[in-house]
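Have a look and then read on.

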Amino acid sequence: MGGSTKILEAVRTDQPIAIDGQLDEAAWSSAATIEDIHQIIPVEYAQPSQQTRFLVLYDDEALYLAAKMDDDQPELMTAKVLRQGGNNSWLDDQFNIFLDPFNDKRNGYRFQVNPHGVRQEGLFQGANQVQWQWNGIWQAATSQDNEGWIAETRIPFKTISFNPATDTWGLNLNRRVARNNEEMGWVSRNRTQSPAISGELTGIVNLEQGMGLDIVPAITASKLRRFSPRNDDSNAEPSLDVFYKITPSLNASLTLNTDFSATEVDDRQVNLTRFGLFFPEQRDFFLQDADIFEFGGIGQREMGSPFSRPLAENARPFFSRRIGLSSTGQPVGLDVGGKVSGRVGRWNIGTLAVQQDQFENVQSTDLFVGRVSANVLAESALGFILTDGDPQSNLDNSLAGVDFRYQNTRLPNGRTMESALWYQQTDTDGLTGDDSAWGAQLWMPNTAGLRGGLGIKEVQANFNPALGFINRSDIRDLSGELAYTHRPSGRKLRSLYSGVTLQRVETLTGGLQSEAAQLLVKLENQTSDTLSLTYQNEKEGVTVPFEISDGIVIPTGNYSFDQVQAGVSTGPHRRFVTSVSLATGDFYDGSRDNISASVEWIPVPRFRASVSYNYNDVELPHGDFVLRLVRAGLDVVFSAKLSWVNLLQYDNNSESVGINSRLHWIPEAGRELFLVINHNLEDFDRDNAFHSNVADFSFQYRHTFRF
């Protein structure tokens with residue numbers, strides 16, 4: 001079951017293969033075939049409910065992978081997503097490919113396709129996390145009939161990095177049947193598939209990448225209108241990205257006059273704390289090879305922190321959103337940027353150099369990040385990171401750090417253990433001493449039975465990662481989790497999770513800053529509907545008064561408050577998906593009630609509507625306030641290549657409405673056109689009369705030329 005490594009001998013073909021979802025070329029009849037497939041979820045190593053066969057071929061230029069997926073109820077197949085580029089095809093039935101071209105058990109690619117041929121691809125970050133924002137050029141096509149569906153894919157060797165000195169790659173394949181949340185595949189342990197948990201594909205030789213050169217010119221035209229006072233600004237500029245494979249495993253990239261106007265807008269967030277928020281990176285240039293720059297497992301741990309994500313991300317040495325964005329989130333131009341990243345032998349290398357334009361009172365700045373790690377032991381790595389420059393000020397700043405990440409996915413009974421140890425130090429003009437941070441964690445992410453972990457992070461007062469992310473300093477962060485997942489053999493209940501999570505954040509002098517103890521019980525049925533019950537006790541030590549809402553200040557003092565929450569959600573494969581949670585309890589020296597609800601309706605693949613609502617009613621001795629956050633989306637999908645995506649966001653804290661409308665055309669992988677309209681309205685006088693504040697229109701077209 002979880003013992004010796006499975007091996008598949010690759011079959012080479014000289015015949016042309018058309019990617020049309022038919023598998024009617026003669027070459028497929030002699031392809032390497034995988035039929036020893038077992039169920040992964042819900043019952044690992046059980047017999048799958050559906051018959052599946054995987055096929056593998058390769059030629060000089062590409063790897064071809066296909067799946068013949070029978071279905072005894074094809075009318076119930078889940079295929080809701082038709083929009084290419086929406087990054088939500090995980091809702092559907094899927095064919096998944098896990099590829100580790102270096103066979104190093106640490107890094108890799110994931111490719112997936114749904115029954116409509118909608119592609120999605122990502123890079124592995126850490127043991128199991130996938131960074132889905134990565135965009136790689138590959139082809140896929142599907143066909144459906146009364147027996148099930150077929151997926152046919154082509155992954156060009158120009159798209160991926162590999163070691164030409166070895167003929168053995170890590171490979172795993174997977175099929176998902178969404179209606180009963182069943183997964184089946186070739187190799188698994190602990191109900192998991194990853195680069196560390198894969199089989200091997202051997203005999204991959206004499207591969208060609210051509211020149212290994214991608215030239216991506218783009219043209220962007222935009223018009224910005226400010227309404228008060230009236231002011232229009234038009235602009236049209238070209239930009240250029242160049243990607244070159246120095247070797248099949250080492251990539252260089254160059255960006256000139258980079259424009260990010262087509263990037264999706266950030267989701268608005270409610271902040272009821274005195275600490276900053278964390279927004280994920282969404283810009284393509286910074287997402288390429290982003291896995292190489294990850295450090296110490298910061299932000300990747302799976303322990304269910306009772307606090308929000310920013311605390312898990314705290315002390316990240318490199319956070320690319322610090323580049324090309326002002327402190328208020330407005331784009332800042334990049335004159336030129338370059339990367340060299342990839343793998344040489346056991347070494348993983350990443351360097352980034354950017355020249356950022358002047359903005360506000362910040363001079364034009366040169367920024368640098370260097371990251372090197374070496375593969376050690378069977379699945380572990382030892383690495384270093386250096387950064388130089390401050391994109392938000394004119395002060396000199398640098399950082400140096402070292403990390404060790406240990407992983408073992410081959411413990412008895414399919415268990416997995418992960419751990420990390422890291423240290424960083426910064427050097428900032430005007431700050432002396434107390435400028436380091438360190439952390440350690442041990443984590444057992446088991447999907448059945450006992451799981452748990454321990455972590456510690458210490459951040460000194462003057463630690464200042466100018467190219468990283470920090471929202472709390474002069475603190476010691478202690479965390480732990482102990483949980484148990486019961487997986488009964490009945491037909492209705494899939495799993496019962498119960499766990500306790502503890503986290504304490506204290507100042508380095510021992511004073512309490514934040515503390516939380518959380519008890520969570522969660523039930524999931526066989527169709528992924530869930531019910532969760534949560535009790536949480538939270539303590540806050542406020543040493544400086546802070547304004548939590550306009551005119552309402554939380555005074556200094558020590559606070560302890562309890563909250564209970566109940567939530568239900570329906571399986572994401574349904575046409576109508578809902579999620580509702582209700583919470584009530586104390587809040588500082590008052591009370592808080594919260595309602596969070598979302599609805600998604602996809603009656604046909606060409607139409608998607610969604611609404612989410614977050615409501616907080618807070619009563620305090622110093623004043624009461626209500627926070628509302630509304631998000632509404634409407635997608636019209638004309639075809640897998642052409643979509644019109646609309647998003648409206650409103651919150652009563654800023655009393656503003658943001659409208660984002662994007663027409664997105666992808667005629668083929670590597671070519672994209674965007675028409676984007678952003679329009680912000682604001683209630684300046686708080687009299688429920690919204691007036692236009694700023695609007696912009698932009699056009700962008702990108703075309704990839706491969707050599």
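1. First, the burial terms: buried means under 20% relative accessible area, exposed over 50%, and partly exposed in between (1.4 Å probe, protein chains only). By that scale aspartate 396 is exposed, because its relative accessibility is 53%. Aspartate 396 sits in the loop between strand E21 (380-388) and strand E22 (397-408); strands are DSSP runs of at least two residues, numbered from the N terminus.

2. A word on provenance: this is a predicted model, where local features need pLDDT of at least 70 and side-chain atom pairs count only at pLDDT 80 or more, while totals for chains, interfaces and linings use all residues. Residues are numbered from 1 along each chain as its sequence is written, and side-chain values use heavy atoms, with hydrogens and water left out.

3. Now the salt bridges (a side-chain nitrogen of Lys or Arg within 4 Å of a carboxyl oxygen of Asp or Glu). The count comes to 25.

4. Arginine 316 pairs with glutamate 313 in a salt bridge, closest N and O atoms 2.8 Å apart. Arginine 316 is buried at 10%, and glutamate 313 is buried at 0%.

5. Arginine 504 and glutamate 515 form a salt bridge at 2.7 Å between the closest N and O atoms. Arginine 504 is in strand E27 (residues 493-507) and glutamate 515 in strand E28 (residues 512-525), so the pair ties together parts 11 residues apart in sequence. Both residues also belong to a salt-bridge network with Glu458, Arg476, Glu506 and Lys539.

How values were computed
Helices (H or I, at least four residues) and strands (E, at least two) are DSSP runs, numbered from the N terminus.
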